[in-house]
Every structure is written in structure tokens, then in C-alpha cells.
Amino acid sequence: KNMVFTQANNYYKENSYGKISLSGEVYGWHTLPINQTCDINGVASEAVRAVDPLVNFNGYARLVVVAPYGPSCGWSGAASLDKIAFSTQDGIAYLSRASIYSGSASTYMEGTIMHELGHNFGNHHAGFYNCGVTLSEDGNCVVEYGDWYDVMGTSSLKGHFNAQHKEQSGWLSATNIQGAAVSGTYVLEPYETPTNGLKALKMRRPTGVTFLEDFLYIEYRQPIGSDAKFPSTDVYNGALLHTRDFGSPIKSLLIDPVQPVSVASTVLPIGSTFVDLSTGAKITPVAKSPSGLSLNIETGKTDFTPPVVSVTSPLSGSTVSGSVKFI
């Protein structure tokens, strides 16, 4: 009860700028009539059946099941990215499901609950792009869970969701995030403070897939609240950059804009310039204080509208051979 309705609740209220809070009830322990298993769906169904006489599940949106999965499942938590239909005595109830291994240490379990609830809110993992600044679509460069600064990456540190994940969850207002489509100087407020100011910039990038948008997200972290305990203080000294995972639009990737590549030194420091090779855009932090980070941005390619093509020659139905040049 404390882990969910105190620790996780405080985290989500801070992380969402007051847009999310958690309330509910705790039931159990209950002995289930099944053998110990890694079957998360089976355990969840049995858990619902065990407390069904006590609960009207239609009054809830989320289900967290803590159980001794195992003995060798290889994970501390698992969760749905959407709601699942459960058959109950009160009819079909639609709940997101988070499954938590009860054998974890309490401090680690807190972070696991926060992480799995993040999946329930529609976010995937926060990874690390381990191939420098090329940002090519190379899955071998992606380190799963590699983002230290996002609970969807390293859950033990319980950092704020990055800007891509907060935008997906609907926690950034129109004044909190804006596109940087015009060259100039921009000032970011500390990412953690609950104000109407600018928290993140997003710059459009090409993906090679016409129906999928990609952006470069820019943040300014400070040692405030959940972000006050990172092992590397480097993160507080410049801009933090993320982009989407090439394989999934709901995954994010932390970028290391300087050499050598290391998740411990991923900030773009004052006076350094990051060049997005896909657009030619340049980002340079020029000054920082506890109240804000100033960035000079030179935009590169900004037109990502596919061309409209009309073929007038050869005429429709014509037969052609050899090499045909289209202009």
C-alpha cells in the first residue's frame, strides 16, 4: 500500500506536473489454486477470481498483482501497454495489468512498480543509443533499459520520464513543449518544475517511413525531486537529447552527443555543438543557471512533406521499353 499509494503516487504526481495521482485498495495475501509459474496472465486471472467477491472491478482502471512468480522467470515485473478484458462477477472489466515479483528488495520493488505503471500509461522502454551521433537505423546500437535518467530505462534511479514519454502520456501542455523550426535562441526551464514554462524542444527528423514521425527532443535536467539522485552530476550541466527508437515509436533513445560514447556523460555541455546529420540542424547550449538553459539553434532541413507526383508522359495505358526518364 505504501509503495503504490505513497511512493509511486508521489512520483507520478511530480512527474506529471499534478496531472496523475493514484488511489485504490490493497487485497491479500491470497493463496491461489495453481502451481508457482511465470504465466502472468494466468496468475492475474486467478488473483481476480480470488478477490472477486470483495471487489467490483468495474470501479477500477488498473490492476497490480504482486506474486512469487518463478522461481526463474528472469524478470522483476511485466505489464500491459493497454487495458485487458477480465471476466468478473460484475461483468467484463477492462484493466491495465502490472505484474510485480514479490521477492525483490523493497526499494527495488518501488522502482519496478513505477516502471510497470509507466507501461500501463502507454510507454515502452527508454534505451540508450550506443553508436555516437550517426543515429542510423541500426538495432545493434540500442541498449535496452540504457537510459539512466528515465524510470522506463533504469527503474532503480526513478528519474523523470523523458520528453517523448511525457508527450505520449499527455503530461506536457502546449506551453511546455514546442517545435524549434526557426533558428534562434531558446531558453528551457528546469524540466522538473511544475510551471507553464518551456520544458522541452522537439525538432523534426526524417525516418524513411512516410507514416512515422521522428523528433529530436531537448531537455534541461536539474537536481530537483526525483531527478536529484543521479550517480553522474554531468546530466545537470547542459542539454539532454533523446530521439525515438527506430523499431518502435513508443520507445525512446538517449543520445550521447560527445565522444567517447558513455551513458555516464550524455549531456551536451555549454559551448559544444551537436549536429543532426539527418537534417544539418545544430544545437549549442550557451549558458545555464538554476533557472534555465539558453540554447542557440540553427535549423537545417525543415520540409518533410512528400512531393506530389503526376505522370503526364508516357500516357496512361501506353507501352514503353528501355530506359524512361521521369522529371
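**Entry 1: ground rules**

I number residues from 1 along each chain as its sequence is written, and my side-chain values use heavy atoms, with hydrogens and water left out. Since this is a predicted model, local features need pLDDT of at least 70 and side-chain atom pairs count only at pLDDT 80 or more, while totals for chains, interfaces and linings use all residues.

**Entry 2: salt bridges**

How many salt bridges does the structure hold? I found eight. A salt bridge here is a side-chain nitrogen of Lys or Arg within 4 Å of a carboxyl oxygen of Asp or Glu. Side chains of opposite charge can pair when their charged atoms come close.

I looked up Glu144 and Lys251, whose side chains meet in a salt bridge at 3.3 Å, N to O. The pair links distant parts of the chain, 107 residues apart: Glu144 is in the loop between strand S6 (142-143) and helix H4 (163-169), and Lys251 is in strand S12 (residues 248-255). Helices (H or I, at least four residues) and strands (E, at least two) are DSSP runs, numbered from the N terminus.

Next I checked accessibility. I call a residue buried under 20% relative accessible area, exposed over 50% and partly exposed in between, with a 1.4 Å probe and protein chains only. Glu144 is partly exposed because its relative accessibility is 34%. Lys251 is buried, at 16%.

Asp276 and Arg205 form another salt bridge, at 2.8 Å, N to O.

In the salt bridge of Arg221 with Asp227, the closest N and O atoms are 3.1 Å apart. Both Arg221 and Asp227 are buried.

**Entry 3: a sheet**

I traced an open sheet of four strands in the order S8-S16-S15-S14, with antiparallel pairing. Two strands pair if DSSP finds at least two bridges between them. Which strands are at the edges? They are strand S8 (184-188) and S14, each pairing on one side only. Five bridges join S8 to strand S16 (residues 292-298). In one place I checked, Thr185 has Asn296 in S16 as its bridge partner.

**Entry 4: Asp52**

I found Asp52 in the loop between helix H2 (40-51) and strand S1 (62-67). Is Asp52 buried or exposed? Asp52 is buried, with a relative accessible area of 7%. Leaving aside neighbours within four places in sequence, Asp52 is in contact (heavy atoms within 4.5 Å) with Phe57, Thr88, Gln89 and Asp90. A polar atom of the Asp52 side chain lies 2.9 Å from the backbone nitrogen of Gln89.

**Entry 5: helix H1**

Helix H1 (residues 2-15) has 14 residues and reaches 18 Å from its first C-alpha to its last, close to the 20 Å expected at 1.5 Å a residue. The expected span is 1.5 Å times one less than the number of residues. I noted that the buried residues of H1 include Met3, Val4, Ala8 and Tyr12. The buried residues of H1 pack against helix H3 (106-120) and H4. After H1 comes Tyr17, which has a positive phi near 60 degrees.

How values were computed
A polar contact is a pair of N or O atoms within 3.5 Å; within protein, one must be able to donate a hydrogen and the other to accept it, and residues adjacent in sequence count only if both atoms are side-chain atoms.
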